Number of protein chains: 2
Amino acid sequence: MSEPTLYPESGFLRLRIDLAYDGTNYSGWAKQPDRRTIQEEIEKALSTITQSPIETIVAGRTDAGVHASGQVIHVDIPQAFESEDIAFKLNCMLDEDIRILKVTVMTGAFHARFSPTSRSYTYKILDANRVVAPLHRLDVAPWYRALDVNVLNQASALLLGEHDFAAFCKFREGATTVRTLMRFNWIRDDEGYVIAEITANAFCYSMVRNLVGAVVCVAEGRNSYEWISAMLANKERVPDSLVFEARGLTLRHVDYPGGL
Amino acid sequence: MSEPTLYPESGFLRLRIDLAYDGTNYSGWAKQPDRRTIQEEIEKALSTITQSPIETIVAGRTDAGVHASGQVIHVDIPQAFESEDIAFKLNCMLDEDIRILKVTVMTGAFHARFSPTSRSYTYKILDANRVVAPLHRLDVAPWYRALDVNVLNQASALLLGEHDFAAFCKFREGATTVRTLMRFNWIRDDEGYVIAEITANAFCYSMVRNLVGAVVCVAEGRNSYEWISAMLANKERVPDSLVFEARGLTLRHVDYPGGL
């Protein structure tokens, strides 16, 4: 079921499932042998409820420790199955760190992975060595030095547009690293957290955490704006950049055509 | 060291320590055999750092699963010990679900437990069967039915003042249940959480969670305002009231004379 089929096979219903999770205790979205993953938990629950083997297709394959507040998947379930109350039933079976937000029967063309026009993430940092509040620690990355949001924004603006982001992606044989970065914007919120809002048509593996690391290098005065531009142009990962940790990263939203 | 001694013994320094914790994975503040408690974690860390056995005195003994964002303790440490950087050293030793916010050497009279003029808690509910966001689940109690904040406030106002709160406390031989409830106020915040702000000179065991349960019984239409007043007057626990779960409860602030 991993080809871009925009409709379910005959006899099946396509469901869009919107979900959220705290990735702290999972080895990421994608199934792996002997690891607890979000995909496996969801597929197990869906297979139990529908009494048939269910495979999920996901919009954004999040890495180990990364969270989601607006992840989207699709599944094809036998038409004979009563699809009401699936969200409620799934939430009864799943741990509280995974929650189903909404289940929608899709009658038009829809593919969770291939239909999106963009994915949006946030990255949340508490800077200047401040103490992370225990109740808010799950999705915050602490950082030692103070960060200037204006510098973060100027450095980030250099990365906007369509580029080969090879310098900011973990190398994977055969995978393209050309992406369109539509938004990379920083704010400091009322509680003092420094938050990046990052949108692209799609992201390659560990790209957001590399982008965050690179602009933090500039905001700290460790590297110049030119260093960012040169890294982008050279398409080579540099050893003096930073990769920020997974827990600051949250998949917020997946955009589908027609504003879905 | 459990008598109300307002000054340390000669040769000792009294430290006030402000701290915060996520109580999810602890059997409450107070030490117990074979249980993981916040007191034990703190005392272990302090004893290691100071190389002497340290006992803590706490402002608010929180129950299993209850959180704190503004807990206060005091400890007496040998004067010879260099007290700088204690917060930093403790935070290096403690898990991230306990954080030291501030350490202050107290030169005047100060007793963490006996000096406070009041303790303030919040209780946070997500009502109407809405799904609790995984990243915000640590300190939220879900509730099935919708709650009317005005009714919650009217029921809560009946409980203000000095009363014998025996009906709202777990019975403990020899312990008084007379308390002064200074504030018991509900709001619905921007994100839709229903939050109680509760202040008293002191609380008896499980009192906040019983108070919350009683006024929710009224807000749901299950019981009347008169039922609240009668329960308070009769000083007897009634079987048809509710005790809300620990995780919605957070100790926010302890007030000391002089606005400390």
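**Figure 1. Helix α3 of chain A and its buried face.** In this predicted model, helix α3 of chain A spans residues 149-157, and its buried residues are A:L152, A:A155 and A:S156. These residues cover an arc of only 100° around the axis, so they sit on the same side of α3(A). An α-helix has 3.6 residues a turn, so residues three or four places apart point the same way. The packing partners of the buried residues are three elements of chain A: β8 (178-188), α4 (207-219) and α5 (225-234).

**Figure 2. The loop between α4 and α5 of chain A.** A:G221 lies in this loop. Is A:G221 buried or exposed? A:G221 counts as exposed, because it has 10 C-beta neighbours inside 10 Å, and the exposed class takes in residues with 12 or fewer. A:L147 is 74 residues from A:G221 in sequence. In space, the C-alpha atoms of A:G221 and A:L147 are 9.6 Å apart.

**Figure 3. The two domains of chain A.** Domain 1 covers residues 12-114, and domain 2 covers 118-255. Taken over C-alpha atoms, the centres of the two domains of chain A are separated by 27 Å. On the domain 1 side, 15 residues are in contact with 12 residues of domain 2. What is the make-up of the domain 1 side that touches domain 2? That side divides into 5 nonpolar, 8 polar and 2 charged residues. The mean pLDDT of chain A is 94, and 98% of the residues of chain A reach 70 or more.

**Figure 4. The two-fold axis relating chains A and B.** For the model, ipTM is 0.91 and pTM is 0.93.

**Figure 5. The contact between chains A and B.** Chain B contributes 19 residues to the contact, and chain A contributes 19 residues. Three strands of chain B, β1 (12-21), β3 (67-78) and β4 (98-106), each supply at least two residues of the side that touches chain A. The largest share of that side comes from β4(B), with 3 residues. By class, the side of chain B that touches chain A has 10 nonpolar, 3 polar and 6 charged residues.

**Figure 6. Positive phi at A:A128.** A:A128 is found in the loop between β5 (118-126) and β6 (141-142) of chain A. Phi of A:A128 is near 60°, a positive value in a residue other than glycine. A:A128 is partly exposed, because 13 other C-beta atoms lie within 10 Å.

**Figure 7. Positive phi at B:S206.** The setting is the loop between β9 (194-200) and α4 (207-219) of chain B, where B:S206 is found. Phi of B:S206 is near 60°. That value is positive, in a residue other than glycine. B:S206 has 18 C-beta neighbours inside 10 Å, so it counts as partly exposed.

**Figure 8. B:G28 and its contacts.** B:G28 lies in the loop between β1 and α1 (38-50) of chain B. Leaving out residues up to four places away in sequence, B:G28 touches B:T37, B:T62, B:D63, B:A64 and B:V66. B:G28 counts as partly exposed, because it has 19 C-beta neighbours inside 10 Å, and a buried residue needs 20 or more. B:Y256 is 228 residues from B:G28 in sequence. Their C-alpha atoms are 23 Å apart in space.

**Figure 9. B:R252 on strand β10.** B:R252 is found in strand β10 of chain B, residues 249-255. What does B:R252 touch, not counting residues up to four places away in sequence? The contacts are B:S69, B:G70, B:S120, B:Y121 and B:T122. B:R252 counts as partly exposed, because it has 18 C-beta neighbours inside 10 Å. B:I195 is 57 residues from B:R252 in sequence and 13 Å from it in space, C-alpha to C-alpha.

Methods
Residues numbered from 1 in each chain as written. Chains lettered and ligands numbered in written order. Predicted model: local features only at pLDDT ≥ 70, side-chain atom pairs only at ≥ 80, totals over all residues. Helix = DSSP H or I, 4+ residues; strand = E, 2+ residues; numbered from the N terminus. Arc of directions from axis to C-beta. Contact = placed C-beta atoms within 7 Å. Nonpolar A, V, L, I, M, F, W, Y, C, P; charged D, E, K, R; others polar. Domains from an automatic or database assignment. pLDDT = per-residue confidence, 0-100.
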